[in-house]
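Hi,

Here is the structure I promised to pass on. Have a look at it first, and my notes follow below.

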Amino acid sequence: MRTIAEAGLAFAVVLLLGLGFWLYTGEDLGGDGTTDTTTPVAVDPEAAARGMQLSNDTGCLACHSVDGTPSTGPTWKGVAGASRPLESGESVTADAAYLFNSIVDPGAQIVAGYSNVMPSDYVDQLTEAEINDLVAYIQSLAN
Ligand code: HEC
């Protein structure tokens, strides 16, 4: 009897731990200890760190600031998730797809007030994973 009771108890403990872990991880996907749903995107900090290094190595920062300072291109600070006015008169939301496309095909959607001087050959120089890292870095500068 005693071993059956112990086995049952052990089983219940394992179940509870599993449930507790599931609830915990389910609630804290953002990793910041909150369940704040206003945070637009959860950015992988490692991808953002690689993107920061790449933006330096690839020369992006010659034309883009990360602190709001005006430059040849728009600052990256606060761009991700924002509404971007385009030369065409339209506006688009700077989601991951827009940011990705702005890097591989910069002439497709020109930001209002800027000229089409961004190099268009990054798509040949960088891998898709590297471009996604750059996007993650820009997204990490959303606020
Ligand atoms: C020679 C200057 C120059 C360089 C170098 C450059 N850019 Fe740009 N970039 C621009 C300009 C100018 C614009 C605005 C016109 C346009 O939309 O193409 C722009 C726009 C962008 C946008 C859209 C931003 C927005 O505000 O909506 C992104 C994203 C971007 N660049 C990323 C990059 C990345 C990543 C690199 C490096 C791999 C890079 N740029 C290198 C000049 C540059």
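Predicted model: local features only at pLDDT ≥ 70, side-chain atom pairs only at ≥ 80, totals over all residues.

Now for the iron atom of the ligand. Two residues of the protein coordinate this atom: H64 through NE2 and M118 through SD, at 2.0 to 2.2 Å. They come from distant parts of the chain, 54 residues apart. H64 sits in the loop between α2 (45-57) and β1 (83-85), while M118 belongs to the loop between α3 (96-104) and α4 (122-125).

The site of the iron atom has six donor atoms, with angles of 87 to 178° among them, and is octahedral. For six octahedral donors, the ideal angles at a metal are 90 or 180 degrees.

Are these two residues buried or exposed? H64 counts as buried because its relative accessible area is 13%, and the cut-off for buried is under 20%. M118 has 29% relative accessibility, so it is partly exposed.

A few figures for the protein as a whole: it has 143 residues, and 28% of them are buried. Its accessible surface is about 9300 Å², with 60% of that belonging to carbon and sulfur atoms. Of the contacts between residues at least 6 apart in sequence, 50% join residues at least 24 apart.

Cheers

Terms used:
Residues numbered from 1 in each chain as written. Heavy atoms only, no water. Donors = N, O, S within 2.8 Å, 3.2 Å for Na, K, Ca; no water. Tetrahedral: all angles 85-135°; square planar, octahedral: opposite > 155°, others 65-115°. Helix = DSSP H or I, 4+ residues; strand = E, 2+ residues; numbered from the N terminus. Buried < 20%, exposed > 50% of the residue type's maximum accessible area, 1.4 Å probe, protein only. Contact = heavy atoms within 4.5 Å. Areas by Shrake-Rupley, 256 points an atom, 1.4 Å probe, with all protein chains shown as cover.
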